[in-house]
Amino acid sequence: MRQNELKRILAAGGQGINGWVAIPDAFAAEQYAAQGFDSVTVDLQHGAADVGGLIPLLQAIALSGATALVRVPWNHPPDVMRVLDAGAYGVICPMVNTADEARALVSAGRYPPLGARSAGPFRASHVAGADYVAAANDEILLIAMVETREAVANLDEILSVEGLDGVYVGPNDLSLSLGKPGSLAPSDPEVLATMAAIAQEARRHGLIAGVHTDSPATARLRYAEGFHFCTLLNDVRLLVDGARRMVSDLRGDGPVEASRSY
């Protein structure tokens, strides 16, 4: 089976740069993914794509050599199995709040005996290799999103679930759950301390910690706190920010503030 390059980079001590695709267009995804990302995630939760349009996006990302991940809409076994069968090399699963919910993710994403994934990789076996079913448990990344107060309280139990590769922090939802304003660059001391503790706890368990950010400057802060890979703004926000800056520059309006949302 073809190696998971993001997993290899992180295992070697590297810091991953993840892209985020919300526009359901293969040409846009092809151009975006080719800009040097280590991995690119297709967002089926808050993006405009759906499972039916996923394969062209995965094909476009594959041309860049970046590892293709998918954020599924929810912790729903059919969705997890289907995006993996389509050729995704990892799943980011939202709103995993308990160890039982983490075990449900693992069950859907791992073949027996570790999980209960049904064998039928209709595209994955062709693009990843004929030995896909035998090797997938070792290559596929399963990452649970920790983004609520409940998940933080259950973090040790979540990280102890066999077959889970790591956790991913959504700063907007985590901030809101803690009663703070949502932000991809939070400044609230409680939010920052909680995020840093999540990264360090993941490292203590020997697992991966990822996080959403709004800029390279914020990503550098998250790396320093112990996060293994960071997502920059998604394709929609980068498009909007780039267009806004050029229009503002031409009109002489001066600098404009960068986006602080997805």
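User: Leaving aside its neighbours within four places in sequence, which residues is Tyr132 in contact with?

Analyst: In this predicted model, and with those sequence neighbours left out, Tyr132 is in contact with Met1, Leu84, Tyr111, Arg117, Pro121, Ala124, Ser125 and Ile140. Tyr132 also belongs to the largest nonpolar core, which has 74 residues, and is among those that touch the most other members, together with Val40, Val42, Val70 and Val91.

User: What makes the pair of Trp20 and Tyr168 stacked?

Analyst: Their ring centres are 5.8 Å apart, and the cut-off for a pair is 6.5 Å; their planes stand at 20°, whereas stacked requires under 30 degrees, so the pair is stacked. The pair links distant parts of the chain, with Trp20 in strand E1 and Tyr168 in strand E6, 148 residues apart.

User: Why is Trp20 called buried?

Analyst: Buried means under 20% relative accessible area, and Trp20 has 0%, so the label applies. Tyr168, also at 0% relative accessibility, counts as buried.

User: Why is the pair of Tyr32 and Phe37 called tilted?

Analyst: The ring centres of Tyr32 and Phe37 lie 4.8 Å apart, with the planes at 35°; since stacked needs under 30 degrees and edge-to-face over 60, the remaining label is tilted, and therefore the pair takes it. Both Tyr32 and Phe37 are buried.

User: Which strands make up the closed barrel, and with what pairing?

Analyst: Eight strands, in the order E1-E2-E3-E4-E5-E6-E7-E8, form the closed barrel with parallel pairing, and the twist from one strand to the next averages 25°.

Note on methods:
Residues are numbered from 1 along each chain as its sequence is written. This is a predicted model: local features need pLDDT of at least 70, side-chain atom pairs count only at pLDDT 80 or more; totals for chains, interfaces and linings use all residues. Side-chain values use heavy atoms; hydrogens and water are left out. A nonpolar core is a set of buried Ala, Val, Leu, Ile, Met, Phe, Trp, Tyr and Cys residues joined through side-chain atoms within 4.5 Å. Buried means under 20% relative accessible area, exposed over 50%, partly exposed in between (1.4 Å probe, protein chains only). Contact means heavy atoms within 4.5 Å. Two strands pair if DSSP finds at least two bridges between them. Helices (H or I, at least four residues) and strands (E, at least two) are DSSP runs, numbered from the N terminus. Axes are lines fitted to C-alpha atoms, for helices over the stretch in contact, and angles run from 0 to 180 degrees between N-to-C directions. Rings of Phe, Tyr and Trp (its six-membered ring) pair if their centres lie within 6.5 Å; planes under 30 degrees apart count as stacked, over 60 as edge-to-face and the rest as tilted.
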